[in-house]
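The paragraphs below go through the strands, the nonpolar cores and the salt bridges of one structure.

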Amino acid sequence: MTACRIARSARTARLALLLAAGAAAAIGQPAAALPRSFVSGSGNDANACTRDLPCRSFDRAMLVTDAGGEVIALDTAGYGPMTITKSVSVISPPGIVAAISNGVASPLGVNAGVSVVAGPNDRVILRGLNINIQSGPTSGVAIASAGTVHIEASSIKGATTDFGAGVYANPSSTLRLHLRDVGIRNFGIGVWLRGDSARIDVTGDRVRVQDTYDGVGVLRNTKAVFRDSVSSGNVATGFYLYNDSVANVSSLVLERCTASNNGTVGVLADPASVTNGPLATGLVTVSNCTITNNGTGLQSAAAGNPPLNLRAAM
């Protein structure tokens, strides 16, 4: 064999070894990222998460989906809890029940069916989900960080009114949260908004909270507007604002909302302590709302405490 042929044979052998090594390294690793991935009740997490070869779980599909991409449920099934770390849309089309019945750990110190830990500029969309927690003090959606989160056309049900929140946001950076056509039942609190570290701006349209301990709670450095929404049949309060920071301003605006059949107060503006911030740091505005059959309809402070601002607008 000539020297030239020997050299070519050596190069061919090296190339074969490199290709074999690359294939071995790829075994068990996520497939190339997809702009759109799919899950199905008949899928398998060993699949590529394409339309023809869908995955079985949301968490697996999340691994192979591009930032800014979509995860789509093809049929009715339980798809397990998920952690979201990037811009993504998780979509269950009309007529399909994409169910989540247990939780994963969130940096907020709770378990949640959906844990959002995305970047400060990331946009997350959850549409058409059915979160039905089966047991334990597990929340529905917990948002520790993201730029914008949309929760739309979804049902969120808890296992106990002693613990957990349907939607819990306490972000590390500024958050814009939009709730639309969302039903929440059977949690310690339906919607819990805490701006402990960063501001939260919230809009809620056609949100219905029922059979929780507290309905909607707005706390610290949060500005929330709810329109055409209902908080009814809760053990304690329907809607409440709590602010204990002199530096931060919180507000809750209710337009065409209903607070009814709540055990203690329909709408509460509560500083909770005489040592809290000045009255100007909290404002509740009620406009064209129905407040009926509560223990107390409107209350501007806890007993013995100075009131926050509470105003009614026609």
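A residue is called buried when its relative accessible area is under 20%, exposed when it is over 50%, and partly exposed in between (1.4 Å probe, protein chains only). Helices (H or I, at least four residues) and strands (E, at least two) are DSSP runs, numbered from the N terminus. This is a predicted model, in which local features need pLDDT of at least 70 and side-chain atom pairs count only at pLDDT 80 or more, while totals for chains, interfaces and linings use all residues. Residues are numbered from 1 along each chain as its sequence is written, and side-chain values use heavy atoms, with hydrogens and water left out.

Strand β13 (residues 165–169) is mostly covered, five of its five residues being buried. Two strands count as paired if DSSP finds at least two bridges between them. β13 runs parallel to strand β11 (residues 139–145), with three bridges joining them; here A142 has Y168 of β13 as its bridge partner.

A nonpolar core is a set of buried Ala, Val, Leu, Ile, Met, Phe, Trp, Tyr and Cys residues joined through side-chain atoms within 4.5 Å. The largest has 61 residues, of which F58, M82, V90, L126, L177 and F226 touch the most other members. Strand β14 (residues 175–185) gives the most to this core, with five residues. A second, separate core of eight residues includes A165, I189, Y240 and L268.

L179 is found in strand β14 and counts as buried because its relative accessibility is 1%. Contact means heavy atoms within 4.5 Å. Leaving aside neighbours within four places in sequence, the contacts of L179 include I151, V191, G204 and F226. L179 and G204 are 25 residues apart in sequence, but their C-alpha atoms are 4.6 Å apart in space.

The structure holds ten salt bridges, each a side-chain nitrogen of Lys or Arg within 4 Å of a carboxyl oxygen of Asp or Glu. In one of them, E152 meets R180, the closest N and O atoms being 3.3 Å apart. This pair links distant parts of the chain, with E152 in strand β12 (residues 148–157) and R180 in strand β14, 28 residues apart. E152 is buried because its relative accessible area is 10%, whereas R180, at 36% relative accessibility, counts as partly exposed. Another salt bridge joins R220 and D196 (2.9 Å, N to O).
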